[in-house]
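The report below describes a single structure, section by section.

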Amino acid sequence: MTDLKTIAKSHRGTRVTLILIAILTGATVIGQAYFFVTIVDRVFLRGHTFQEILPFLGGLLVVLAARAALTYWSGITGVKLAAKVKRDFRIALLQKFSNSPVQASLKGQSGQKVSVMMDAVDEIDPYFSRYVPQVMQSSIIPIMILIAAFSQHVNTGLIILITAPFIPIFMIVVGLKTKKKSEEQMDKLNAFSGTFLDTLQGLTTLKLFGRSAKQQKTIENSSLSFRDATMEVLRIAFLSSLMLEFISMLAIGLIALEVGLQLVVFENVTFFTAFFVLVLAPEFYLYLKELGSAFHTGRGSMGAAKKVTDELAEEENPIEWGDASFQKVHGPPALQLNNLGFRYGDQGFTIENISVDIPPYTQLALIGRSGAGKSTLLNLMAGLIRPSEGEVLVDGKPLYEYEEKTWFDQVSYISQNPYLFSGTIADNIAIGGKAEATQEEIRDAAEKAGILSLIESLPEGFETKIGEGGRGLSGGEKQRLALARAFLKKPSVILFDEPTTGLDLQTERILQASMKELAKTSTVITVAHRLHTIKQADTILLLDSGRLVAQGKHDELVEAVPAYREMVSVQQGGSAG
Ligand code: ATP
Ligand code: MG
């Protein structure tokens with residue numbers, strides 16, 4: 001997909017249909033003028049009876065009906081084309097976003113970006129639903145009218161031929177003048193919505209710092225300047241359409257004057273001819289003018305299309321998965337981190353040289369200061385980001401040789417900030433399951449995750465709407481919801497970025513029991529903050545600044561590693577062990 005013209009051309013069937021519709025419409029325009037003029041001519045000048053003109057009246061009716069039908073058909077064809085193109089764009093965008101979900105979400109604002117892009121796709125609509133059909137009509141119908149005019153009266157044909165170019169020329173001149181203005185207006189709109197969104201999102205913070213009044217002023221200013229820019233564009237737009245009307249009126253007046261003189265003074269044209277060209281001339285200019293307004297909407301779409309194609313062209317270097325599957329139905333796979341390394345961007349934080357063996361059913365605890373790289377290492381193990389060095393081996397084979405789905409079917413990842421999609425609590429838990437989950441199973445999973453009592457305290461229980469547009473949940477609650485997903489899924493590898501926040505004793509106990517149960521059937525890798533989890537672990541990895549500084553069991557580490565002793569003593573003071 002490059003630009004809109006190429007896309008429009010690639011839909012050949014639709015183009016042919018549109019051309020056919022334009023030719024037929026041209027025929028009805030001319031036919032309508034013919035029947036109308038004939039009827040007037042015969043009734044008023046030749047004194048024909050109603051009976052005699054009946055066939056012409058019938059013809060006029062048919063032509064009018066056909067013209068209406070063609071307009072409808074053309075509209076439908078344009079809308080269908082637009083729908084097809086928009087669908088293609090959306091699929092391309094979604095594919096792109098979902099091929100690199102983590103890259104995009106690590107950069108932040110992925111949801112916002114997706115929604116902005118999807119809106120941009122909508123703005124492409126008028127190009128195909130209005131502009132493309134109009135271009136067909138405006139390039140075919142005027143020529144047909146011109147030929148009809150020439151065939152009847154050469155002078156009229158010549159006048160049309162000479163005046164017609166003024167309309168596109170004028171449109172180009174005005175277009176060039178307004179282009180800059182409307183770009184300015186778009187910029188102002190963007191600035192305005194940006195300020196507005198920022199302010200809304202940061203309202204709490206702004207209030208806390210006593211800045212909301214000042215921010216109000218900023219919004220007011222940017223909205224005023226947007227208004228001024230809009231008025232300026234509108235002024236030019238109105239002025240230019242006035243000028244266009246003026247040019248076409250002048251041309252039609254010229255034609256009227258000419259045929260009038262020919263008819264009355266020189267008496268060398270018939271009334272039929274004179275009236276016929278006079279009826280056709282406005283139609284000619286009408287189609288030219290409509291091209292102008294369609295062009296403006298079309299150009300708006302081109303801007304949006306550029307935004308989308310740019311996004312599609314931007315390289316994200318997605319992770320490529322292989323097609324291997326797991327050999328047999330077995331317990332957890334053996335994991336190995338083999339000299340694993342990773343770097344954010346060119347200069348960012350690095351993980352270096354991490355080598356660990358994780359046999360099946362291991363309970364591994366990752367510990368370290370905030371910012372030590374624990375979540376990053378977990379992302380690497382989950383296969384969500386690609387290591388820049390070394391590899392994660394799963395049953396001896398590099399992770400990316402497996403088929404994506406095969407791997408993710410094995411894994412549950414409870415991140416620090418699990419994603420809730422908008423829907424009910426039950427829906428949100430149910431996506432964990434491989435098959436359709438029953439209410440019973442969902443309830444059971446919620447109970448094991450220690451979130452049942454909370455859900456039951458809500459008036460709508462499992463049917464409570466959460467996520468975008470619904471009730472919010474606290475960070476810890478979201479994590480327990482994600483944990484409930486894991487209970488439904490029964491994965492063989494669990495990656496758990498434990499909440500840093502303390503839990504109440506009751507919930508803590510439920511969680512401990514549940515994790516113990518999960519550990520029976522899976523390898524559990526936890527970013528651990530609670531001493532209990534750390535003590536339970538078969539292996540503890542102590543990270544510092546992206547490096548593995550110690551590895552072993554609790555007792556060994558307490559003995560041998562002062563840094564570990566220090567960390568644990570802090571933890572001991574912090575939460576119940
Ligand atoms: P915490 O205990 O606070 O969750 P952590 O050990 O999980 O910390 P990470 O989230 O792995 O820490 O982050 C490690 C380092 O990488 C931090 O310095 C962080 O600023 C940086 N970092 C994290 N995400 C990104 C990103 N998307 N782009 C660039 N740098 C990042
Ligand atoms: Mg973290």
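I147 is exposed, with a relative accessible area of 55%; here buried means under 20% relative accessible area, exposed over 50%, and partly exposed in between, computed with a 1.4 Å probe and protein chains only. The residue belongs to helix α6, which spans residues 125–152; helices (H or I, at least four residues) and strands (E, at least two) are DSSP runs numbered from the N terminus. Between I147 and G157 there are 7.6 Å from C-alpha to C-alpha, at a separation of 10 residues in sequence. This is a predicted model, in which local features need pLDDT of at least 70 and side-chain atom pairs count only at pLDDT 80 or more, while totals for chains, interfaces and linings use all residues. Residues are numbered from 1 along each chain as its sequence is written, chains are lettered from A and ligands numbered from 1 in the order in which they are written, and side-chain values use heavy atoms, with hydrogens and water left out.

A148 also lies in helix α6, but A148 is buried, with a relative accessible area of 9%. The C-alpha atoms of A148 and A365 are separated by 86 Å, and the two residues are 217 residues apart along the chain. I124 is placed in the loop between α5 (110–123) and α6. At 0% relative accessibility, I124 counts as buried. Its C-alpha atom is 7.3 Å from that of K86, although I124 and K86 are 38 residues apart along the chain.

T156 is found in helix α7 (residues 154–163) and is buried, at 0% relative accessibility. The side chain of T156 makes a polar contact of 2.8 Å with the side chain of H153. A polar contact is a pair of N or O atoms within 3.5 Å; within protein, one must be able to donate a hydrogen and the other to accept it, and residues adjacent in sequence count only if both atoms are side-chain atoms.

## Backbone positions with positive phi

E267 has a positive phi of about 50 degrees although it is not a glycine. E267 sits in the loop between α10 (212–266) and α11 (271–313) and is exposed, with a relative accessible area of 62%.

N339 likewise has a positive phi of about 50 degrees without being a glycine. N339 lies in strand β1, and at 32% relative accessibility it counts as partly exposed.

## The site of ligand 1

Ligand 1 is surrounded by 12 residues, and the closest are S370, K374, S375, T376 and Q416; a residue is counted as near if one of its heavy atoms lies within 4 Å. This shell divides into 4 nonpolar, 6 polar and 2 charged residues. In this grouping Ala, Val, Leu, Ile, Met, Phe, Trp, Tyr, Cys and Pro count as nonpolar, Asp, Glu, Lys and Arg as charged, and the others, Gly among them, as polar. Helix α12 (residues 374–382) gives the most to the shell, with 3 residues.

Several polar approaches can be listed. An N or O atom in the side chain of T376 is 2.5 Å from an oxygen atom of ligand 1. A polar backbone atom of G373 is 3.0 Å from an oxygen atom of the ligand, and a polar side-chain atom of Y344 lies 3.4 Å from a nitrogen atom of ligand 1. Taken alone, ligand 1 exposes 640 Å², of which the protein buries 64%; accessible areas come from the Shrake-Rupley method with a 1.4 Å probe, and for residues only the protein chains shown count as cover.

## The magnesium ion

The magnesium ion (ligand 2) is coordinated by S375 (OG) and Q416 (OE1), at 1.9 to 2.4 Å. S375 lies in helix α12 and Q416 in the loop between β6 (411–414) and β7 (423–424), so the pair ties together parts that are 41 residues apart in sequence. Donors are N, O and S atoms within 2.8 Å of the metal (3.2 Å for Na, K and Ca); water is not among the atoms, so sites may look incomplete.

S375 is partly exposed at 23% relative accessibility, and Q416 is partly exposed as well, with a relative accessible area of 44%.

## The largest nonpolar core

The largest nonpolar core has 35 residues, of which L337, L366, L377, M381 and I525 touch the most other members. Such a core is a set of buried Ala, Val, Leu, Ile, Met, Phe, Trp, Tyr and Cys residues joined through side-chain atoms within 4.5 Å. Elements giving two or more residues to this core include β1 (335–343), β2 (350–358), β3 (363–368) and β10 (523–527). Helix α12 gives the most to the core, with 5 residues.
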